Amino acid sequence: MIALSDDCRLAFCVGVGGVGKTTFAAALGLGEALRGKSVLVLTADPARRLADALGIHGLSDQASDVPLPRTSDAGERPEGELHAAMLETKASADEIIRRAAHDEARAQRVLDNRIYQAFSNTLARSHAYAAMERVHEAVHDARYDLVVVDTPPAQSSIEILDAPARLVSFLDQRVVRWFLQASDESPQLRGGAIAQRLLRIVAGESLVSALSEFLSEMAFLREGFSARAKDVRELMRSTSTSFVLVSSADALGLEAATSVAAEVRSRDFELAQVVFNRAFIPEAARLGADPLVYPERLAALAPKLERMRALVSAEEDQKRSNIAAFCDEQGVGAWSLPEARRPLGDPSALAAWMQQARLVSPST
Amino acid sequence: MHAPSGESLTRQVQFFTGKGGVGKSTVLAALATAAARAGKQPLIVELGTHTSSSHLFHSPDVGYQPSEVAPGVHATRVLFEPALVDYITSRLKLRPIATLVAKNSSLRRLFLAAPGVDEIVTLHRVAQLAADQRWGPILVDLESTGHALMFFDLPGVLAVFLRDGPLRQVVDSASKLLADPQRCAIHIVTVPEPLAVNETIHLHAELRKREDLHLGYLFINRVPRAWLDEDENRLVDHELAGASVGQPWAPNLALAQYLAQRRQTSDKCIRGLHHDIDLPTMAFGAQDDGSATIIAGLSDAIERAGFR
């Protein structure tokens, strides 16, 4: 059974798009809830699939309760809890501003700022910052023992991983200060003033002015934001945080998995589990290696059945050897999950699917 | 299925989006191969750190400068740093100074942290490549649904507070390119699976709302094969419910039943796509694992469909 360590408090599911990452995040959260934890699954994916996988209607920035399936025939309910929420960048960002401002008028000035409005609703980086804040808040929420984060596809999932570090670096340094008080007089700020003048040339007067105005409105947020970004960055490296790589098992999927694994490791994050989705068809497990003799009534069908068997067996072998090669190369074990016969659309189906996971160990 | 005229595929700049993992890059590679065979100068544009085309074509890693990945097919990757230097150079006219600006530690932190900088430099780079008449078609491998929508929204988002200045020029020329039905088309790639179909219908509806965008094709990739006809499928079901239970060939029948269900799901998905999306469609069968075969198969299919 695929499970996180008992002391795991935060798990990031990473991987390229279309490999079933959201479905897997839902199943992983469910599995941990069935083991007795109180779990929040947080999807940062702009496309809304988590609700579909869990069989609930509509998902918002506020966590929804997901009913757990009964664990025994006697109808016993498990002790854990499962909650799900979807990151809405604008809602999360507005909430952050209100919380940090401690003052309605001050909050409103930021919320009314046109740069804030333009960026809080769109753009990958805004999304990454809001996700980071939401993760921070969820991890410190006493209602949850574990937070499972479903990151958006590829490029943007790296964006999320880097968001805290980028923000800390930006907010901690002189950059913001020379926007607020650029002056040629202080030698400390002279470099900044020159940089700002260059920025005016490459980005334009109107943007730099708007940005200065925005940053001064935001000034009161800076400390809190920076402190939380630092917290999240530390949290991501903590031993109670796990990264779970989800991949497909075909050749292109393997290439992508190798590159995502390298991205995770290069940031000193711990790759706790690797999961290959759609790695096999359960029906193929009982296929023989050799052609069969069929009864007369199936004679017309026999050649087609044999072609199907040969093709599917070859595909299964290929995926198996792809996964084995990945495990050997990376020196890690991995889980294989089957292709689901029907779309997984409720907790019972998710749990049954997870039961079919097979462990693949590296050969050395 | 609409008769593919191939018209939108002859425009100079082609954007491709769709749910992750549907084989966007493979379709793009196939189109580029078909274009090269027809004597054109296709350029594949990839965004970000991950490159698919070098894997697909078994070529060395694709970098910022276009390189030939297969006969007549070039590819480039929009890497943030060089694209940023290119943008700054276009404003300052002096590359050494642009490099200094890009390397200035305060500005660097700003560029790495500020939302929208990636999108701006990407738009600038695409416009720059489009201005270079050497390339056509330019095939841009966008990210999946949500981020592609953000990308297309950027010019509108920025126009709100950029009244003038160099960034406004980038935004204006990008908007002009995106809105030009003679030069630009946006294609959607999907697979006939329920989750992908739901997302594709949503994506299509969202793109339709943006009236200045011009949609091209819907590519349906990895359509599973129909192995058996209806009578044969009925025989399989009948055998599995009775005479063949426990027989050595029963697993093969169970597999046939499974593959038939997969095909049924796919048929239903394709009907749903046709119902909700009125774009000309091109469908490709599932191919064996092996990128060279896939690209060759797809580009043959594209040529048969009349795209020259």
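What percentage of the 364 residues in chain A is made up of buried residues? Buried residues account for 46% of them. A residue is buried if 20 or more other C-beta atoms lie within 10 Å of its own, exposed if 12 or fewer, and partly exposed in between, with C-beta atoms placed from the backbone.

This is a predicted model, in which local features need pLDDT of at least 70, side-chain atom pairs count only at pLDDT 80 or more, and totals for chains, interfaces and linings use all residues. Residues are numbered from 1 along each chain as its sequence is written, while chains are lettered from A and ligands numbered from 1 in the order in which they are written.

Chain A holds 14 helices and 9 strands. These elements are DSSP runs, numbered from the N terminus: helices are H or I with at least four residues, strands are E with at least two. In chain A, 76% of the contacts with a separation of 6 or more join residues 24 or more positions apart. Two residues are in contact if their C-beta atoms, placed from the backbone, lie within 7 Å.

Now turn to the sheet. In chain A, 9 strands form an open sheet with mixed pairing, in the order β3-β4-β2-β5-β1-β6-β7-β8-β9. Its edge strands are β3 (64-66) and β9 (358-360) of chain A, each pairing on one side only. From one strand to the next, the twist averages 25°. Angles run from 0 to 180 degrees between N-to-C directions, and axes are lines fitted to C-alpha atoms, for helices over the stretch in contact. Two strands pair if DSSP finds at least two bridges between them. Strand β8 (residues 334-338) of chain A and β9(A) have 3 bridges and pair in the antiparallel sense. There, Ala334(A) stands opposite Val360(A) in β9(A).

Helix α1 (residues 21-34) of chain A touches several strands, including β1 (10-14), β2 (38-43) and β4 (81-86) of chain A. The direction of α1(A) makes about 170° with that of β2(A). Of the 14 residues of α1(A), 14 are buried, so the helix is largely enclosed by the rest of the structure. Its 14 residues should span 20 Å at 1.5 Å a residue, and its end C-alpha atoms are 20 Å apart, which agrees. The expected span is 1.5 Å times one less than the number of residues. Just after α1(A), Gly36(A) takes a positive phi of about 110°. Helix α12 (residues 251-266) of chain A lies across β1, β6 and β7 of chain A, at about 165° to β6(A).

One residue of helix α3 (residues 89-101) of chain A is Glu95(A). Glu95(A) is partly exposed, with 17 other C-beta atoms within 10 Å.

Next comes the contact between the chains. It takes 67 residues from chain A and 61 residues from chain B. On the side of chain B that touches chain A, α11(B) gives the most, with 8 residues. That side has 31 nonpolar, 17 polar and 13 charged residues. Ala, Val, Leu, Ile, Met, Phe, Trp, Tyr, Cys and Pro count as nonpolar, Asp, Glu, Lys and Arg as charged, and the others, Gly among them, as polar.

Within chain B, α9(B) and α11(B) pack at about 5°, their axes 10 Å apart. That makes α9(B) roughly parallel to α11(B), a label for angles under 35 degrees. Val197(B) and Ile201(B) of α9(B) are among the residues making the contact, as are Cys269(B) and Leu273(B) of α11(B).

Notes: Parallel < 35°, antiparallel > 145°, perpendicular 65-115°, else oblique.
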